[in-house]
Amino acid sequence: RCLSDWSSDVCSSDLEQIDYGDHHRYNPREFQLLVRHARDIGVEALVTTAKDAVNLCTEFSRMTGPLKLYWLEIGVCIDRRDELIQLITQSIRNFKK
């Protein structure tokens with residue numbers, strides 16, 4: 001599920017979502033503008049994934065106050081796991097032939 005799907009499940013009010021490309025590295029100026037915008041619209045917290053949190057600028061903790069910053073640990077759940085393993089195993093066997 002997308003982070004936006006999660007937010008609609010747990011929040012009762014409309015949220016503003018700003019999307020960045022995958023593996024985006026946030027520079028200090030860009031993060032400062034994001035924090036300023038969040039404060040201007042009355043946001044109390046920023047939410048990201050742990051994977052994306054590692055790409056925040058090193059000064060992020062100093063720049064967010066008084067906003068809270070949360071990051072979510074994301075996991076993977078595979079439906080029909082046994083079928084997937086069987087397909088992978090068969091593909092490896094066919095490749096070796």
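Asp52 is located in helix 3, which spans residues 50-53. With a relative accessible area of 19%, Asp52 counts as buried, because the limit for that class is under 20%. When neighbours within four places in sequence are set aside, Asp52 is in contact with Asp22 and Tyr26. The structure described in this report is a predicted model.

## Overall architecture

The protein chain contains five helices and two strands. Read from the N terminus, these elements follow the order α-α-β-α-α-β-α. The protein chain has 97 residues, and 20% of them are buried. Its accessible surface amounts to about 8100 Å², and carbon and sulfur atoms account for 53% of that surface. Of the contacts between residues at least 6 apart in sequence, 56% connect residues at least 24 apart.

## Helix 2 and its surroundings

Helix 2 covers residues 28-40, a stretch of 13 residues. From the first C-alpha to the last, helix 2 reaches 18 Å, close to the 18 Å expected at 1.5 Å a residue. Four residues of helix 2, namely Phe31, Leu34, Val35 and Ala38, are buried. They lie on the same side of helix 2, because they cover an arc of only 95° around its axis. Against which elements do the buried residues of helix 2 pack? Their partners are strand 1 (45-49) and helix 4 (60-64).

Val35 illustrates this arrangement. It belongs to helix 2 and is buried, with a relative accessible area of 1%. Apart from residues up to four places away in sequence, Val35 touches Leu46, Met63, Thr64 and Leu67. Between Val35 and Ala45, which are ten residues apart in sequence, the C-alpha to C-alpha distance is 9.5 Å.

The two ends of helix 2 also deserve attention. Just after helix 2, Gly42 adopts a positive phi of about 85°.

## Backbone features in the loops

His23 lies in the loop between helix 1 (3-10) and helix 2, whereas Arg80 is found in the loop between strand 2 and helix 5 (81-96).

Pro66 is placed in the loop between helix 4 and strand 2 (68-72).

## Cysteines

A disulfide is a covalent bond between the sulfur atoms of two cysteines. How many disulfides does a search of the whole structure find? The search finds zero. Cys57 is buried, with a relative accessible area of 6%, whereas Cys77 counts as exposed at 70% relative accessibility.

Terms used:
Residues are numbered from 1 along each chain as its sequence is written. This is a predicted model: local features need pLDDT of at least 70, side-chain atom pairs count only at pLDDT 80 or more; totals for chains, interfaces and linings use all residues. Side-chain values use heavy atoms; hydrogens and water are left out. The expected span of a helix is 1.5 Å times one less than its number of residues. Buried means under 20% relative accessible area, exposed over 50%, partly exposed in between (1.4 Å probe, protein chains only). The arc is that of the directions from the helix axis to the C-beta atoms. Contact means heavy atoms within 4.5 Å. Accessible areas come from the Shrake-Rupley method with a 1.4 Å probe; for residues, only the protein chains shown count as cover. A disulfide is a pair of cysteine sulfur atoms within 2.5 Å.
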